[in-house]
Amino acid sequence: MATIRDIAERAGVSASTVSRVLNMDATLNVADETRVNIFFIADELDYIPRKNRKQKGETASAQAKEIAIVYWYNYEQEMEDPYYLSIRLAIEQKAEEYGYQVRLVNPSNLEELMPDEVGVLVLGRLDDITLETLNEQYGNVIIIDNSFRLKGFDYVGADFEKATRDVMQYLYDLGHRKIAHLGGRTEERERELGFVDKRAYIYRVFMREKGLYDESLIYDCGDYSIKNAYRKLKEVLSEESHPTALVVSSDSMAIGAYRAISELGLRIPEDISVISFNDQTNARYMIPPLTTVRIQTKYIGFAAVDLLVERERFPRDYSKIVLLPTEIKIRRSCAEII
């Protein structure tokens with residue numbers, strides 16, 4: 001049976017680091033790539049935490065119940081933006097505590113879902129037709145961090161509407177009026193797909209309320225990635241004409257934004273204040289440290305499994321929506337307009 005020392009030796013880190021990573025210690029300063037590698041090795045070695053070994057031994061002879069995660073991210077995307085990775089790992093941790101196994105299913109291969117699974121967790125975006133089909137087949141479908149228009153589903157996510165309004169008000173109170181938004185898909189493309197990015201939506205609402213709306217300050221870069229964020233800002237920014245503040249959809253995209261701003265000879269926050277979402281581990285170590293909204297990804301994953309298990313054990317005729325609170329972590333990437 002694999003031990004923490006076995007994992008540490010394979011990963012090239014200390015046993016203490018492995019232990020803290022596997023126990024989801026948010027205070028540990030370790031690269032996201034190292035975290036992913038440790039979990040990958042632990043899974044490969046079939047590592048079982050000591051506290052769970054007895055429970056697993058007792059249930060090994062019985063057929064284990066399975067939870068399916070319909071998951072649209074691949075390994076490379078997880079490495080670049082660990083937001084969904086954090087939620088997925090929390091789901092797997094909580095499911096194991098309940099004694100359930102977890103299977104990942106790609107949205108393009110939904111035929112791999114098994115009829116005897118406890119339920120389905122949808123992590124990411126699925127269209128309404130697919131969601132309805134899943135609900136008809138399983139009944140116990142929990143949606144995580146996905147904008148949708150259907151009723152009757154349990155939903156878990158962060159309160160992005162309030163978070164974005166807090167971000168906009170924070171910048172406004174600092175004196176910023178020329179505030180830009182760096183996001184993914186255009187508003188037209190969101191309507192076409194049926195997905196709404198609450199961050200972009202509330203940004204537009206706030207700027208219109210204040211009489212500051214300017215379409216040219218909305219920078220849509222396609223996929224939410226470091227590379228796309230960097231390319232888009234290099235395309236639209238110049239030293240002569242630039243916003244005084246930039247709201248970025250994720251910390252990973254903010255990394256690309258930092259580089260583009262620096263290469264254009266501009267300074268953060270003296271020339272452009274930058275604020276984003278997620279509060280990834282590396283946000284506090286960027287130069288300058290990034291002001292960002294902390295999203296409780298661990299507890300989003302925990303709450304999703306709790307809802308699924310509750311619905312399996314105590315069926316109900318109504319749905320629940322769980323919105324976890326957020327918090328702006330103020331660091332040094334935003335400055336007051338003087």
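Guide: E310 has a relative accessibility of 25%, so E310 counts as partly exposed. This is a predicted model. The partner of E310 is R316, and their side chains meet in a salt bridge at 3.0 Å, N to O. R316 has 10% relative accessibility, which is under the 20% cut-off, so R316 counts as buried. The pair belongs to a network of salt bridges that links D154, E310, R311, R316 and K320.

Now to helix α12. E263 and R259 form a salt bridge, with the closest N and O atoms 2.8 Å apart. Both sit in helix α12, which spans residues 251-263. They are four residues apart, so about one helical turn separates E263 from R259. E263 has a relative accessible area of 41%, so E263 is partly exposed.

Helix α11 holds another pair. The side chains of E235 and K232 meet in a salt bridge at 3.6 Å, N to O. The cut-off for a salt bridge is 4 Å, so the E235 and K232 pair counts. Helix α11 covers residues 226-236, and E235 and K232 are three residues apart in it. That spacing is about one helical turn. E235 is exposed, with a relative accessible area of 58%. K232 is at 18% relative accessibility, so K232 counts as buried.

As for the overall count, a search of the whole structure finds 20 salt bridges. Among them are E310 with R316, E263 with R259 and E235 with K232.

Terms used:
Residues numbered from 1 in each chain as written. Predicted model: local features only at pLDDT ≥ 70, side-chain atom pairs only at ≥ 80, totals over all residues. Heavy atoms only, no water. Helix = DSSP H or I, 4+ residues; strand = E, 2+ residues; numbered from the N terminus. Buried < 20%, exposed > 50% of the residue type's maximum accessible area, 1.4 Å probe, protein only.
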